[in-house]
Amino acid sequence: ASSFFAAKPTFEVKPIVSVSTSIVGEATEVVKKKKADVPLNLFRPANPYIGTCIYNQRIVGPDAPGETCHLIFTTEGKVQYVEGQSIGIVPPGTDKDGKPHKLRLYSIASTRHGDFGDDKTVSLSVKRLEYTDPKTGQLVKGVCSNFLCDLKPGDNVAITGPVGTTMLLPEDPTSTIIMLATGTGIAPFRAFLRRFFEENHDDYKFPGLAWLFLGVPTSSTLLYQEELEKMKYFNPNS
């Protein structure tokens, strides 16, 4: 069966059985140890990492409702992260009260090795937020999304984090991974899929199954379509 755009799978429902408290305790300790190894808050708003934008391209069709961009920033290996985490972006300037803008969190769209595989970049998938205020009729622009979508190669960006331990990949590489997303919600799952099917590592192989259910309003807003079709073609049984 196809692993990305597939029919609803059938699940066998089994009764819940009792589990030894000692086993639960051991499992809890394993989870704690795993989370302790995850990089967290290496950079904070008061002292962010200043990266450089090296890539910013629109990744939706010309007739798509709205604009979504794929961005790549340099980290020089200092902003370490794992798949399933997020980074914070601190937009420049101040808010209406004259205070510095607060950071916005974005799910990381690249694996820990970055899109170039050199451990020196981090990628985001960002949709530009724009809407018309129904009361005033004025165009409202999201502060951070517009800042990011307007970046040009060479521009600086303040990065914090990484954060997040709830969406990490399971330790067991034979696990079946079921992913559901709409729009830019695909970002962490792109990282998962690239780790599974695009990268080759002596210490990590994925013999499991990956299912992605992705919702988009129009075909022109299907993000990373070529990447997904390539993965599906070369991994028909995964």
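Asn-56 touches Cys-69, His-70, Leu-71, Leu-148, Cys-149, Asp-150 and Leu-151, residues up to four places away in sequence not being counted (contact means heavy atoms within 4.5 Å). The model is a predicted one, in which local features need pLDDT of at least 70 and side-chain atom pairs count only at pLDDT 80 or more, while totals for chains, interfaces and linings use all residues. Residues are numbered from 1 along each chain as its sequence is written, and side-chain values use heavy atoms, with hydrogens and water left out.

Asn-56 is found in strand 1 (residues 49-58); helices (H or I, at least four residues) and strands (E, at least two) are DSSP runs numbered from the N terminus. With a relative accessible area of 15%, Asn-56 is buried (buried means under 20% relative accessible area, exposed over 50%, and partly exposed in between, with a 1.4 Å probe and protein chains only). The side chain of Asn-56 reaches two backbone oxygens, that of Leu-148 at 3.3 Å and that of Cys-149 at 3.2 Å.

The chain contains four helices and ten strands, in the order α-β-β-β-β-β-β-β-α-β-β-α-β-α along the sequence. Of its 238 residues, 42% count as buried. Among contacts with a separation of 6 or more, 70% are accounted for by residues 24 or more positions apart.

The largest nonpolar core has 24 residues, of which Met-179, Ile-186, Leu-193, Phe-196 and Leu-212 touch the most other members. A nonpolar core is a set of buried Ala, Val, Leu, Ile, Met, Phe, Trp, Tyr and Cys residues joined through side-chain atoms within 4.5 Å. At least two residues of this core are supplied by each of strand 9 (176-182), helix 3 (187-197), strand 10 (209-215) and helix 4 (225-234). Helix 3 provides the largest share, six residues. Another core, of 22 residues, lies apart from it and includes Phe-73, Val-126, Phe-147 and Ile-159.

Helix 3 is mostly covered, eleven of its eleven residues being buried. The buried residues of helix 3 include Arg-190, Arg-194 and Arg-195 as well as Phe-189, Phe-192, Phe-196 and Phe-197. The elements against which the buried residues of helix 3 pack are strand 2 (68-74), strand 4 (104-107), strand 5 (121-127), strand 9, strand 10 and helix 4. In the loop between helix 3 and strand 10 lies His-201, which is buried at a relative accessible area of 16%. The side chains of His-201 and Glu-199 are joined by a polar contact of 2.9 Å. A polar contact is a pair of N or O atoms within 3.5 Å; within protein, one must be able to donate a hydrogen and the other to accept it, and residues adjacent in sequence count only if both atoms are side-chain atoms. Leaving aside neighbours within four places in sequence, His-201 is in contact with His-113 and Arg-195.

Leu-228, in helix 4, counts as buried at 3% relative accessibility. The C-alpha atoms of Leu-228 and Leu-212 are 9.6 Å apart, for a separation of 16 residues in sequence.

The second largest pocket is lined by Tyr-55, Ile-59, His-70, Ile-72, Asp-115, Phe-116, Arg-190, Tyr-224, Gln-225, Glu-226 and Glu-227. On a 1 Å grid over the protein atoms alone, a pocket is an open set of points where a 1.4 Å probe fits, with protein on both sides within 12 Å along at least five of seven lines; lining residues have an atom within 4 Å of a point. Strand 2 and helix 4 are the elements that give two or more residues to this lining, and helix 4 gives the most, with three.

Tyr-224 lies in the loop between strand 10 and helix 4 and is buried, with a relative accessible area of 8%. Although not a glycine, Tyr-224 has a positive phi of about 60°. Glu-76 also has a positive phi, near 55°; Glu-76 lies in the loop between strand 2 and strand 3 (86-90) and is partly exposed at 48% relative accessible area. The peptide bond from Gly-161 to Pro-162 is cis, with omega near 5°, and Pro-162 lies in strand 8 (residues 156-163). Most residues other than glycine have a negative phi, and most peptide bonds are trans.
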